[in-house]
Amino acid sequence: TTCNPATDYVVLDQPMAAADFLYLRVRACPGQGSLTEVYGLMVDPGWERIETEPNDTRQTAQVLGHNPFYTSEPEGAIDPAGDRDFYRYDALAGDAIHVQVDSDWTGEGDDLQPRVAVMDANGVILATMCCDPVWPYAAGLDVILPNDGSYYIRVIAEAGLGGYSLNVYAVSYTHLFLLHS
């Protein structure tokens, strides 16, 4: 740990696996604060994660977990040709999500034009979308997940190769109705 009296905070840089526990004892920096003050704790869950290989099948899918509000997850890549990436998202019946894939567009001519699909636990495609017609380097879709359980998000190339970011947002039924009516 380090203590920074100029900003009155402590930085703890401790890499952790998702299931790890970390116990903290909070004390004021030497010469700073007192035990009668209120202290806050901010935990950065590491939203900017890197895709973990292998994740080319549902069985080896990278786990995103379940967050009912917002999950901004991996930076990945479709490379070489034919590569496909799977992510597992655990959901509750009735969860409505927006899945967004944005390629790392470089303007070099062969940038990734992504296709994204959401599948149930049996691999049945519930929704799929390719290449926004206005901006072909992004793909997004909305889906209401019908059952409790694991769902799979698959990213493949419709054209090109390259990096991408994947974001999963919770949305309301009203939002879905307005988007699709």
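Hi everyone, a quick word on terms first: helices (H or I, at least four residues) and strands (E, at least two) are DSSP runs, numbered from the N terminus. With that in hand, Trp-135 is found in the loop between β8 (125-130) and β9 (138-144).

What you see above is a predicted model, where local features need pLDDT of at least 70, side-chain atom pairs count only at pLDDT 80 or more, and totals for chains, interfaces and linings use all residues. Residues are numbered from 1 along each chain as its sequence is written, and side-chain values use heavy atoms, with hydrogens and water left out.

Together with Trp-105 and Val-134, Trp-135 makes a nonpolar surface patch of about 370 Å². Patches here take residues with over 30% relative accessible area and no salt bridge, joining like charges within 9 Å and nonpolar side chains (Val, Leu, Ile, Met, Phe, Trp, Tyr) within 5 Å. The areas come from the Shrake-Rupley method with a 1.4 Å probe, and for residues only the protein chains shown count as cover. Trp-135 itself has 40% relative accessibility, so it counts as partly exposed. On that scale, buried means under 20% relative accessible area, exposed over 50%, and partly exposed in between (1.4 Å probe, protein chains only).

Now to the cysteines. How many disulfides does a search of the whole structure find? The search finds 1, where a disulfide is a pair of cysteine sulfur atoms within 2.5 Å. The partners are Cys-130 and Cys-131, with their sulfur atoms 2.3 Å apart. The torsion about their S-S bond is about -50°, so this disulfide is left-handed. Are these two cysteines buried or exposed? Cys-130 counts as buried at 15% relative accessibility, and Cys-131 is buried too, at 13%.

On to the charged pairs. A salt bridge here is a side-chain nitrogen of Lys or Arg within 4 Å of a carboxyl oxygen of Asp or Glu, and by this rule the count comes to 2. One joins Asp-90 to Arg-88, with the closest N and O atoms 3.1 Å apart. Asp-90 is partly exposed at 21% relative accessibility, and Arg-88 is partly exposed at 25%.

Arg-115 pairs with Glu-158, and there the closest N and O atoms are 2.9 Å apart. Arg-115 lies in strand β7 (residues 113-119) and Glu-158 in strand β10 (residues 149-159), so the pair ties together parts that are 43 residues apart in sequence. Arg-115 is partly exposed at 22% relative accessibility, as is Glu-158 at 42%.

Thanks, everyone!
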